Every structure is written in structure tokens, then in C-alpha cells.
Amino acid sequence: MDYHHYEQQQQLDTPLIFNITTVDYNRKDPVFWIETITTLTKYKHKTRRIPRYYSELERLHDLLLTTLDDAYIPVLPPCPRPRYDRQGRLLSRYWWYQQQDNELPTPDIKIQQWLDRIADHERVQQSEGLREFVESEVGFRPQRRKKVKRHKRRTSINHDDLEPEFWQLNDHINTFRTCLVQLETAWPSRGNTSVWSDLASAWVAYGGIERDPVLFILYKNIAKGCQQIHHLEVLQDMAATDTLGDEITYQISNAENAQNIMEQRLSVLSDYFISRKRTESSLRNVERLKSSSSIDRERASDAIAELEEARRIEQNALQKYERIDGNYDRDLEYRYKPQLASDMINAIREYAKSQLVLEKQKLATWENVYSCMK
């Protein structure tokens with residue numbers, strides 16, 4: 001099928017799979033029943049079905065974000081808005097298709113997609129917090145763990161310190177977020193459809209004083225048509241929000257997430273530069289002592305020990321920078337960018353489909369009004 005949930009369908013050899021089977025929306029904090037299948041050795045249960053509140057998904061997202069310092073964690077989508085038909089049956093996420101179709105995705109498709117992406121990440125799979133989320137018997141209330149330190153830069157970074165591709169990506173992310181914010185600001189707000197409702201009321205009032213039976217029926221049909229057009233345009237606004245409007249807002253948050261990642265890459269590079277300067281300072285101190293005419297053995301021993309410690313810290317800082325920068329670079333290239341493109345294409349496609357379906361219904365309404373004039 002063409003829907004996004006199947007875009008990254010897990011293979012049988014995937015070590016961790018999440019599958020939302022049912023959702024209980026009859027509460028303020030909906031419950032998602034999630035089937036988990038895993039071959040990872042650290043998990044006691046290879047297959048189980050767990051209930052998790054949306055608030056527990058929020059805790060999982062926050063925990064992963066604060067305990068993994070080199071993995072791109074997509075923003076958790078907003079809690080789904082369920083819609084029901086007149087018989088009280090849950091509608092598809094693409095509710096503008098009036099027919100009942102089991103092939104259409106359910107409202108939780110974006111949450112399922114987020115779980116798929118989390119489970120597909122090799123470094124997230126090793127997260128102890130994720131294991132606890134799956135295996136906890138009494139809900140998910142993670143223990144406090146040491147948070148990843150996300151320092152601000154303590155020294156400036158020049159453009160020459162990094163490859164041009166870094167700055168190109170940084171500019172691209174910043175520009176894209178700015179464009180999304182402009183789109184969100186320009187997005188039409190609801191409440192612009194009242195003209196058809198007012199026009200329907202006007203036709204009803206006018207028809208009330210009409211004595212010609214043919215014109216009375218004609219005015220009545222026009223009023224009915226205007227009321228139907230008002231209803232359809234309200235649905236068009238809702239569909240626009242549910243497809244492209246919400247996606248723009250969501251991708252703004254993801255772009256801010258990517259901006260934070262770029263800043264974190266600069267921060268760890270800054271830490272490395274500071275450690276390197278400390279090594280250089282310690283080395284100069286040792287050189288001065290060597291060139292001195294009288295060498296204090298205690299001072300020399302302290303200086304050598306300080307140099308060795310500085311070199312150790314510098315090596316650790318370099319390894320940390322290479323790990324974080326390399327992993328983030330791959331995640332942005334092979335996760336963030338493809339996921340962003342896929343999400344936006346899917347949102348635009350469904351936005352266009354929803355408007356086309358509802359525009360056809362508007363056309364049918366006017367054709368019906370016109371047929372009454374014959």
C-alpha cells in the first residue's frame with residue numbers, strides 16, 4: 001500500500017518491532033496497546049502486548065532525548081484526534097473518504113510511524129530506557145538517570161574548522177525552518193466559511209416572503225445548497241489542518257531538533273578545542289622547565305603529570321567529538337532528511353486528495369441545485 005506506515009515496513013529479521021493493535025480514546029490520556037516482538041538478548045520477553053498511555057510515550061521520548069547524546073530522536077507527534085461517524089464508528093485518519101475501508105490507516109498512524117523509527121535505530125535499540133518501557137509491568141515511570149550534558153559552546157568555531165558540507169547543512173536546516181514558520185503563519189485560519197451560512201440564511205428569509213411556488217422551491221434549494229457548501233468548506237478546513245497544517249507544525253519542531261543537533265556538534269568540537277589548548281599550555285610549561293638552568297624536580301614531576309592528564313582529556317574529547325559528530329552526521333543524512341522528505345510528500349499528497357474529494361462533493365451539490373431549475 002501507499003501509506004506512510006508501510007514505507008519502512010519491518011522485515012522478519014528486524015531485532016525490534018512495535019505494532020499498535022488498538023487504541024482506547026475514551027479517556028483524556030488515550031491508551032495505546034502495543035505488541036512488541038524482539039530478538040535482542042537483553043529483553044526477557046521476546047513477544048508481549050503492553051498498554052501505554054500517551055503520556056508514557058512522552059516520557060519515553062524525553063528519556064531517549066536526555067540519555068542518548070549521539071542519536072537523532074524524532075519529535076513525538078501530537079496525540080491523535082479521533083473522529084467518528086454518525087453510528088459512532090471510528091473513522092480513518094483520512095476521514096474525508098466517506099466509505100468504510102479497512103485499507104485506510106487509523107488515526108494512530110503517526111504514532112506508529114514514530115515507534116517504527118525508534119525501533120529501527122540501532123543505538124536506540126540498546127537503550128536501557130527503551131527496554132524498561134517495553135518490560136515494565138506497572139506502566140512506564142523511568143528512574144532518574146544521569147542526563148546527557150549539553151553544554152553551550154565555550155569557544156568560537158571558525159568556518160575553516162569544519163568541512164563546507166557542515167555549514168551547508170546548517171544553513172539548509174535554518175532556512176527550511178524559517179520557510180516552515182512563514183508557511184504556518186500564512187496558513188488560512190478557520191472561520192472564513194461563514195459567508196455561505198449567511199447566504200443560506202438570506203435565501204431562507206427571502207424565500208419566506210415569496211408567493212410564487214416555483215420560485216419558493218428554487219430559493220429553498222439554493223439555500224440548501226449554500227448550507228451544504230458551508231459544511232463542505234468547514235470539512236475542507238479541517239482536512240487541510242489534519243494533513244498539511246499539522247505536518248508543517250510538526251516539522252518545525254523536527255527542524256528545531258535538527259538545529260539543536262548541529263549546535264551540539266559544535267559544542268563537542270568546542271570542548272575538544274579547549275582541551276587541546278590546555279595540552280598546548282601544559283606542553284609549553286614543560287618546555288620552559290626543561291630550558292631552565294635550575295630544575296625543581298617536584299615542579300617538573302607536577303608539570304609532566306599535568307601534561308599527561310591534559311593529553312588524556314584531549315584524547316577523550318577527540319574520541320567523544322568523533323563519535324557524536326559522526327553518528328549525528330549519518331543520522332541527519334540517512335534518517336532526518338529522508339524522513340522529512342517522505343513526510344512532507346505524503347502530507348502534500350493527502351492534502352491535495354482531501355481537497356479534490358471535497359471539491360467534487362461541492363460540484364455535485366451545485367449540479368443538484370442546477371438540476372432543480374430544469
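Let me begin with helix α2, which is mostly covered: eleven of its eleven residues are buried, where buried means under 20% relative accessible area, exposed over 50% and partly exposed in between, with a 1.4 Å probe and protein chains only. The buried residues of α2 include I109, K110, W114, D116 and A119.

Before I continue, please note that this is a predicted model, in which local features need pLDDT of at least 70, side-chain atom pairs count only at pLDDT 80 or more, and totals for chains, interfaces and linings use all residues. Residues are numbered from 1 along each chain as its sequence is written, and side-chain values use heavy atoms, with hydrogens and water left out.

Now to the chain as a whole. The chain holds eight helices and three strands; helices (H or I, at least four residues) and strands (E, at least two) are DSSP runs, numbered from the N terminus. Their order from the N terminus is β-β-β-α-α-α-α-α-α-α-α. Of the 374 residues, 44% count as buried. Among contacts with a separation of 6 or more, 75% come from residues 24 or more positions apart, contact being heavy atoms within 4.5 Å.

I turn to helix packing. Two packed helices are described by the angle between their axes and the distance between the axes. Here, axes are lines fitted to C-alpha atoms, for helices over the stretch in contact, and angles run from 0 to 180 degrees between N-to-C directions.

How does α2 pack with α8? Helix α2 (residues 109-119) meets helix α8 (residues 297-371) at an angle of about 160°, with the axes 13 Å apart. That makes α2 roughly antiparallel to α8, a term for angles over 145 degrees. On the α2 side the contact involves K110, Q113 and R117, and on the α8 side R335, Q339 and D343. These residues divide into no nonpolar, two polar and four charged; Ala, Val, Leu, Ile, Met, Phe, Trp, Tyr, Cys and Pro count as nonpolar, Asp, Glu, Lys and Arg as charged, and the others, Gly among them, as polar.

The second pair is α1 (residues 54-67) and α4 (residues 128-135), packed at about 165° with axes 9 Å apart. These two helices are therefore roughly antiparallel to each other. E56, L57, L60 and L63 of α1 meet G129, L130 and F133 of α4, a contact of five nonpolar residues, one polar and one charged.

Finally, an unreviewed UniProt entry places a "coiled-coil region" at residues 297-324. Over that stretch the chain is 100% helix and 0% strand, and the end C-alpha atoms lie 40 Å apart.

Methods
UniProt positions are given in the numbering used here, feature names are shortened, and annotations may be inferred rather than shown by experiment. Angles under 35 degrees count as roughly parallel, over 145 as roughly antiparallel, 65 to 115 as roughly perpendicular and the rest as oblique.
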